[in-house]
Amino acid sequence: MQEIRRYRPATISRRLSVVVGFYRTCLIDGLLEMSPAEHVRRPHVPPESPTLGLSHLQFEAMLHAARSSPNINDFALVTMLGLLGLRIFEACGADVEDLREEHGHRVLKVRGKGSKVVLTPLPPAVQRAIERAVDGRDAGPVLRNRRQVRMDRHAATRRLRHLAEDAGINLPRMHPHMLRHTFVTTMLDAGVDLRDVQIAARHADPRTTMRYDRARKNLDRHPNYILAAYMSSGT
């Protein structure tokens, strides 16, 4: 996986976890006397995500380019990924029938990892973008390609790269997960509590959320400033 297929350490570690778990189950069930994966060493996975998100200004430029695009799906695509934090398969899999009202909120029913279903509230800008993409339809996919069928991840990637070019964003490789990454890091940069960001991103482990936090090294948010401000009366 590492030498021939050139997989990243995180990918290798995840796949080895499946193998280790399989043989552990065989040991528990008495099918094996020892696990052949017991002493397999996994590659080191860095604590920070290798994926680079967009900066605040780049994200604003991306939103402006999508809003101005003649393709009615572009603005919905960018807002669903960047303002709702959906994974690309969740955004492409969303149907018009998944839109509903709950307790006075316009929400989208999202089918996530492990077939988990959650209701995601739609901010006004996202609601307008989705309504524009739906274009009065009462059924079918929210996001469609040029052939008016469900958009897939490949078509979405092409649209995002085109929008990045229109926005003047020069990146070596634009892909959908960059906007989910931007969703998390922008929330953290805005001062949203880590626990709230974890819930919004639907991460099972807060350490996953922390891997996205590029601002941990940002001195503007250093706790020393918070403590000094709190104790200002005595200093």
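This is a predicted model: local features need pLDDT of at least 70, side-chain atom pairs count only at pLDDT 80 or more; totals for chains, interfaces and linings use all residues.
Biologist: What makes Gln148 count as partly exposed?

Modeller: Its relative accessibility is 47%. Buried requires under 20% and exposed over 50%, so Gln148 falls in between and is partly exposed. The phi of Gln148 is near 65°, a positive value in a residue other than glycine.

Biologist: Arg6, in the segment before α1 (9–28), has a phi near 60°, again positive in a residue other than glycine. Is Arg6 buried or exposed?

Modeller: The relative accessible area of Arg6 is 66%. Since exposed means over 50%, Arg6 is exposed.

Biologist: Why are α7 and α8 called roughly antiparallel?

Modeller: The axes of α7 and α8 (residues 194–201) cross at roughly 160° and come within 10 Å. Angles over 145 degrees count as roughly antiparallel, and α7 and α8 therefore receive that description. The crossing of α7 past α8 is right-handed.

Biologist: Which residues of α7 and α8 meet?

Modeller: Arg180, Phe183, Val184, Met187 and Leu188 of α7 meet Leu194, Val197, Ala200 and Ala201 of α8. By class, this contact has eight nonpolar, no polar and one charged residues.

Biologist: How do you know that α2 is roughly perpendicular to α6?

Modeller: The two helices pack at an angle of about 105°, with axes 9 Å apart. The range for roughly perpendicular is 65 to 115 degrees, so α2 is roughly perpendicular to α6. Met62, Ala65 and Ala66 of α2 make the contact with Leu160, Leu163, Ala164 and Asp166 of α6. These divide into six nonpolar, no polar and one charged.

Biologist: Which residues have the most contacts inside the largest nonpolar core?

Modeller: They are Met62, Val78 and Met80, in a core of 40 residues. Among the elements that each supply at least two residues are α2 (56–68), β2 (105–111) and α6 (153–166). The element that gives the most is α3, with six residues.

Biologist: What is Val78 in contact with, leaving aside its neighbours within four places in sequence?

Modeller: Val78 contacts Phe59, Met62, Leu63, Ala66, Leu83, Leu160, Leu163 and Leu179.

How values were computed:
Residues are numbered from 1 along each chain as its sequence is written. Side-chain values use heavy atoms; hydrogens and water are left out. A nonpolar core is a set of buried Ala, Val, Leu, Ile, Met, Phe, Trp, Tyr and Cys residues joined through side-chain atoms within 4.5 Å. Buried means under 20% relative accessible area, exposed over 50%, partly exposed in between (1.4 Å probe, protein chains only). Helices (H or I, at least four residues) and strands (E, at least two) are DSSP runs, numbered from the N terminus. Contact means heavy atoms within 4.5 Å. Axes are lines fitted to C-alpha atoms, for helices over the stretch in contact, and angles run from 0 to 180 degrees between N-to-C directions. Angles under 35 degrees count as roughly parallel, over 145 as roughly antiparallel, 65 to 115 as roughly perpendicular and the rest as oblique. A crossing is left-handed if the near helix is turned anticlockwise from the far one by less than a right angle, and right-handed if clockwise. Ala, Val, Leu, Ile, Met, Phe, Trp, Tyr, Cys and Pro count as nonpolar, Asp, Glu, Lys and Arg as charged, and the others, Gly among them, as polar.
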